[in-house]
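Dear colleague,

Please find below the structure that I am handing over to you.

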Amino acid sequence: MSKSKGFIAEFKQFIARGNVLDLAVGVIIGGAFSAITSSLVNDIINPVLGIFAGGNSALSNLSFTVPGGEVMVGSFLNAVLNFLIMAFAVFCLVKAVNSLHRKKEAAPPAPPKPSNEEVLLTEIRDLLKEKT
């Protein structure tokens, strides 16, 4: 029984870590963002590309028939566009976070305050300079 309690305690500790919670939040937001990019591609980009492809229909309907069935080129292009938009958004996010971390690290620490002994020696040196 103690092994199961230890396992459960270890699991609780794992779940309570900040990284796991951050990952869970990221997955949820990523799912919502995926719906936004899918809508962008299907509802805005595809109809515009459909105009240039020769018809006003959405690009996702683009397909051709082969002896084995239909090849859905439009669906594949939708998936590629969704991926590129998501990858670009993640790239921009990572780049922004990295630039924030660099700014925090770039600030040099304040020089240490001189000790009392160093302050006294500096004063003695300055007094000796004045005498000569």
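Predicted model: local features only at pLDDT ≥ 70, side-chain atom pairs only at ≥ 80, totals over all residues.

Helices, of at least four residues, and strands, of at least two, are DSSP runs that are numbered from the N terminus. With that in mind, the elements of the protein chain follow the order α-α-β-β-α-α from the N terminus on.

Burial comes next. Of the 132 residues of the protein chain, 6% count as buried, where buried means under 20% relative accessible area. Helix α4 illustrates this topic. This helix covers residues 116-131, 16 residues in total. From its first C-alpha to its last, α4 reaches 23 Å, close to the 22 Å expected at 1.5 Å a residue. The number of buried residues among the 16 of α4 is zero, so the helix lies largely in the open.

Helix α2 spans residues 18-52, and F52 is found in it. Is F52 buried or exposed? F52 is exposed, because its relative accessible area is 70% and the cut-off for exposed is over 50%. On the surface, F52 forms a nonpolar patch together with V48, L49 and I51. The accessible area of these four residues together is about 410 Å².

Finally, the largest pocket contains about 200 Å³ of space. Its lining consists of G26, I29, G30, F33, M86, A89, V90, L93 and V94. The elements that each give two or more residues to this lining are α2 and α3 (73-106). Helix α3 provides the largest share, five residues.

Yours sincerely

Notes
Residues numbered from 1 in each chain as written. Heavy atoms only, no water. Expected span 1.5 Å × (residues − 1). Buried < 20%, exposed > 50% of the residue type's maximum accessible area, 1.4 Å probe, protein only. Patch = residues over 30% accessible without salt bridge, like charges linked within 9 Å, V, L, I, M, F, W, Y side chains within 5 Å. Areas by Shrake-Rupley, 256 points an atom, 1.4 Å probe, with all protein chains shown as cover. Salt bridge = Lys/Arg side-chain N within 4 Å of Asp/Glu carboxyl O. 1 Å grid on protein atoms, 1.4 Å probe; cavity = no way out; pocket = protein on both sides within 12 Å on 5 of 7 lines; lining within 4 Å. Points joined across faces, edges and corners; volume = space filled by probe spheres on them.
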